[in-house]
Every structure is written in structure tokens, then in C-alpha cells.
Amino acid sequence: MNSDNFNLSEKIVSPSYIRQGSQARRGHEQLIRQLLEQGKCPEEGWSESTVELFLSELAVMDSNNFLGNCGVGEREGRVASSLVARRHYRLIHGIGRSGDIAAIQPKAAGSSLLNKLTNSVVLDVLKLAGVRSVASCFVVPMATGMSLTLCFLTLRHRRPKARYIIWPRIDQKSCFKSMITAGFEPVVVENVLEGDELRTDLEAVERKIEELGAENILCVHSTTSCFAPRVPDRLEELSSLCSKHDIPHIVNNAYGVQSSKCMHLIQQGARVGRIDAFVQSLDKNFMVPVGGAIIAGFDESFIQEISKMYPGRASASPSLDVLITLLTLGVCGYKKYLSERKEIYSFLAEQLKSLASAHGERLLHTPHNPISLAMSLDGLQANSDKAVTQLGSMLFTRQVSGARVIPLGKEQTVSGHTFRGFMSHSESYPCPYLNAASAVGITREDVTVCIKRLDKCLKTLKKEGGAVSSSDQEVSIGE
């Protein structure tokens, strides 16, 4: 209510009570005012009542919620189900216009404000997470793979003769298919083995640049967050190479926002060389439903160019989800999650190392990977050729999700390209292994329960010589 309505209320209820209610309302409004003034994530998280009040205020600014609105167009924000309307807080028009996902909608001032504020708050969080010189970003309602495709399609207009994308190998289908979908030919550069770690072969990357010719290369497509024993690419060196040869550089930072090391690599890469854009998932980094990503970069004009490449309007759901989450957590709440993730990474490493030792295996030494860990499965492989994949099935049927079990020598064809040793990021990694990750939101209980069930599965497989029940064979774990 506005001040006039509060004054009128004093004629109905005791003025002292109304003034108390008015002061409480001003407390909510003060938080909203600060957000509008600063465009930054609040230091302390908001209560649900403040978030809902704010979203309600935004919704009444959209034409579909105007009292007496008469809509005669083909897109008037009509929703048949009241349940769907409530799910979206009656913010129905989405974001952007037909020519630009970041444009203001005349029919939807509230949704447009939501879009601008979300991008501003997310930019603030990227800076707080370690990429302090990032200039611009926007939330796009597509997951990481399609968001990378959008970046490549934008570069096509800048480099019309380019056919190739140089890609240090990472065995994850969506980032490979993102290049194929954009119409380019991925040039796969195999990683080099350094101890247990798979690292970027910089000499091979430079040889490919010289062999193909810089003008024929759309970009280098590198990766930060990845499954061990692969570790983040050498971003500083790759960025310097890209700067030297005047080649764009796109970074797949899928779940790297939660890692200070990954974000530091991006910051340093941009400082010493060239990074045109880096892309990260909303669900993996901010614990929201799948379906959104953040495209960010250091040249505001290029990021705007990417946003204008998106055809048509877009769903506001990913923007709404991440804004609600960040307003609820605040800077302090999100930093707490990041701190806890680091602590549990160390706990997970200790527990996996102890378990590996008890079963005659070892925790692979991958100090450059800040999120994912890997435990060898040599003994299991020696026990039975099928035992490694059967372990994955056993874990899944026992409700251990996210663990990847990687056998030796698997081949997989993706979009016409055959990868040998698929899922191990290498044609011939020396041992089979199991992956586990400490990602944002993980708890100590998750680790404890996982280790307990993994221990039981390993004991069962060794006792039975690698044979398991038919129910455990029904599920194959890997990607």
C-alpha cells in the first residue's frame, strides 16, 4: 500500500498499529530500493516475503496483469492454468524482443526490469567469484552446450572464412556437439599425460594453428571445469597464443563459477592474453533447475553482439530462478556455500584415499583439478573385464548418483567423430577409474553415505569375482 492508503487505514484500525505495519513495509521497500540503486547482489539474503513482494510488484507492471487490459494481439500473456501462472509469479511475457534478447518489452516493464536486474546481479557475483575485470554478461535460457553454439555462430559473422575450431579434448558430448551444430569442424587436440593428470598440449595447439592458418580458425575452445584426471586447460598460455595469432578464444566454464581456481584462470587469461567469452551453467553453479546459462566476457560490445544473435523472445524462467536464489542467499549465503564446497572437497579426497588404500587402489594425484577426484580401479579390472562397468551399475541402483566409472578402451562415435578411450579424455589412459566430485551444495553426509556404499560394492565384487545380480547389470554408468 502507498502512504495514502496507510492514512486511510488509520481510520479503520488503531493508528499506532497501522504505523507499525507501515514501518515494516518500509523495511521491505528499503531492500528493494538498494537493489534498484546498486544492481548488486545484497550482502545478506532476503526473506521469502521480501522476494515475493518484489516479484508481485514487478508482475503488476506487465500488461497481462493490468486491470481492464484489452489484448487483441497474438501474444498477450494469456495463461490457461492458474497453477502455471502462480509458478511463474504471473510474469508471463518472457524477456527480450524479436531482435534482441536484452531489449525492453513495451508490454512488460516488470519482466524487462527483472531481466536487467538479473544480468546486473549475476555480473556482480561473477566479479565476487574471482573474475573481477568481467565487463558484461547475460542470462540465456539455454544450457551450456547451446550457449556455446550461440557464441560460435556470432563469431561466424566476424570470421566468415573460418572452418575450424581448435579444441583440447574433453570427453563431454555437449561441448563437442556445440561446435558441430554451429557448422564448424572441431580439430581435436589430444591431451598430454603429466603424472596422473591430463593437461593441455600447447605445442600441438600451436602446430595446428600454423598448419591450418589463423584466418581459417574460428576460435580456440578451451575448458576449465572437467572430470579428473583431466584438469583445467592452461588458460594463460592458450590466451597468449590466441592473442599472438589474433584468434578468438571461447572458454567452457560449465561449473567453474564455484571454483576460485577456475575463475582465477579466466581472470589471468584475460589479463595476459585473449578471452572473448566464457560460458557457465546456472544449475551447476547456483542450484537452480536445468535450462539456463550465463554468457560473459571482457568486451561489452561483443557480449551485446551475442545477445542480439539470439532469435526471438526468450523464457524468463532461468532469469527468475537465479534472481530469486541470489536474493535469498545474498553474498554471505553464496560465499558460505563456496567455502563449504572447498572444505568437503578435502574431506572427500581424504575419504576416497583411505577407501582406495583399503582396496589396494589409489587416489589419482590431480592437484590442478579443484572439483573432481578419481580413484584407480586396477584391481577390479584384473578381477574381471566387466567388473568396472558393473560397479557403475551397482552404485546407481544403490542411489549413488553422479559417480562416473570409466573402463579402459571404450570407443564412442559422436557426430561422426570416433573417440578412442571415450570418457577418459585420452586415447590410452593407463588405468580404469571412478570419478566423484565436490560440487556446490554437497554435504558431508553425501560423502559419508557414498563412501559406505562404494565400500560395500567393492567388497561384493571382489567376493563374487566380478559377478553381480541381473538387476545390477541393467544400468550402465558413465556420462
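Between domain 2 and domain 3 there is 1 salt bridge, where a salt bridge is a side-chain nitrogen of Lys or Arg within 4 Å of a carboxyl oxygen of Asp or Glu. The partners are Asp 196 and Arg 362, at 2.8 Å from N to O. Side chains of opposite charge can pair when their charged atoms come close.

Before I go on: this is a predicted model, where local features need pLDDT of at least 70 and side-chain atom pairs count only at pLDDT 80 or more, while totals for chains, interfaces and linings use all residues. Residues are numbered from 1 along each chain as its sequence is written, and side-chain values use heavy atoms, with hydrogens and water left out.

Now the domains. Domain 1 covers 1–32, domain 2 covers 107–329 and domain 3 covers 331–470; these bounds come from an automatic or database domain assignment. The centres of domain 2 and domain 3, taken over C-alpha atoms, are 27 Å apart. In the contact, domain 2 has 37 residues and domain 3 has 42 residues, with contact meaning heavy atoms within 4.5 Å.

How much area do domain 2 and domain 3 bury between them? About 3,400 Å², with 64% of it on carbon and sulfur atoms. Buried area is the accessible area (1.4 Å probe) that two parts lose on being put together, summed over both. Of the area that domain 2 buries against domain 3, Asp 171, Asp 196 and Gln 258 supply 19%, more than any other three residues.

The interface also has 21 residue pairs in polar contact, both residues at pLDDT 80 or more. A polar contact is a pair of N or O atoms within 3.5 Å; within protein, one must be able to donate a hydrogen and the other to accept it, and residues adjacent in sequence count only if both atoms are side-chain atoms.

Which elements give two or more residues to the side of domain 2 that touches domain 3? They are helices H5 (109–128), H7 (173–181), H10 (260–272) and H11 (282–286), plus strand E5 (197–199). H7 gives the largest share, 4 residues. Helices (H or I, at least four residues) and strands (E, at least two) are DSSP runs, numbered from the N terminus.

Back to salt bridges: the count comes to 17 by this rule. Arg 169 lies in the loop between strand E2 (164–168) and H7, and Glu 190 in the loop between strands E3 (185–189) and E4 (192–194), 21 residues apart.

Last, some backbone details. Most residues other than glycine have a negative phi, and most peptide bonds are trans. Arg 90 is not a glycine, yet has a positive phi of about 60°; Arg 90 sits in the loop between H4 and H5. Ala 228 and Pro 229 are joined by a cis peptide bond, with omega about 10°. Pro 229 is in the loop between strand E6 (217–223) and helix H9 (235–245).
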